[in-house]
Amino acid sequence: MGRFDNGINYYTSAILNIHFPEDDVRCGQCPLCYEDSLHRAKCRLTGELVYSLQSISDFCPLQFEEVNKDV
């Protein structure tokens, strides 16, 4: 790993696909949501506490795409 003594000139981004079952898009269905040692729900991606498993946090960095359901 580089030391970056002169700072960082750019970042390389990665895309991660997270799949939710049948439009049940909420933190409670996200595989990145886990329970820590104090039995609190947390996000592995942001490290933030998850206050509601029934919705998506306003701070969720996931970008959702529309899916054509006309099959």
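The side chain of Arg26 comes to 3.2 Å from the backbone oxygen of Leu53, a polar contact in the sense of a pair of N or O atoms within 3.5 Å, where within protein one must be able to donate a hydrogen and the other to accept it, and where residues adjacent in sequence count only if both atoms are side-chain atoms. This is a predicted model, in which local features need pLDDT of at least 70 and side-chain atom pairs count only at pLDDT 80 or more, while totals for chains, interfaces and linings use all residues. Residues are numbered from 1 along each chain as its sequence is written, and side-chain values use heavy atoms, with hydrogens and water left out.

Arg26 lies in the segment before strand S1 (33-35), strands being DSSP runs of E with at least two residues, numbered from the N terminus. Leaving aside residues up to four places away in sequence, Arg26 touches Phe20, Leu53, Gln54, Ser55 and Ile56, contact meaning heavy atoms within 4.5 Å.

The structure holds three salt bridges, each defined as a side-chain nitrogen of Lys or Arg within 4 Å of a carboxyl oxygen of Asp or Glu.

| Asp5 | Arg3 | 3.3 Å |

Burial is judged by relative accessible area, with buried under 20%, exposed over 50% and partly exposed in between (1.4 Å probe, protein chains only). Both Asp5 and Arg3 are exposed. Asp36 is buried at 12%, and Arg40 is partly exposed at 36%.

Key:
Helices (H or I, at least four residues) and strands (E, at least two) are DSSP runs, numbered from the N terminus.
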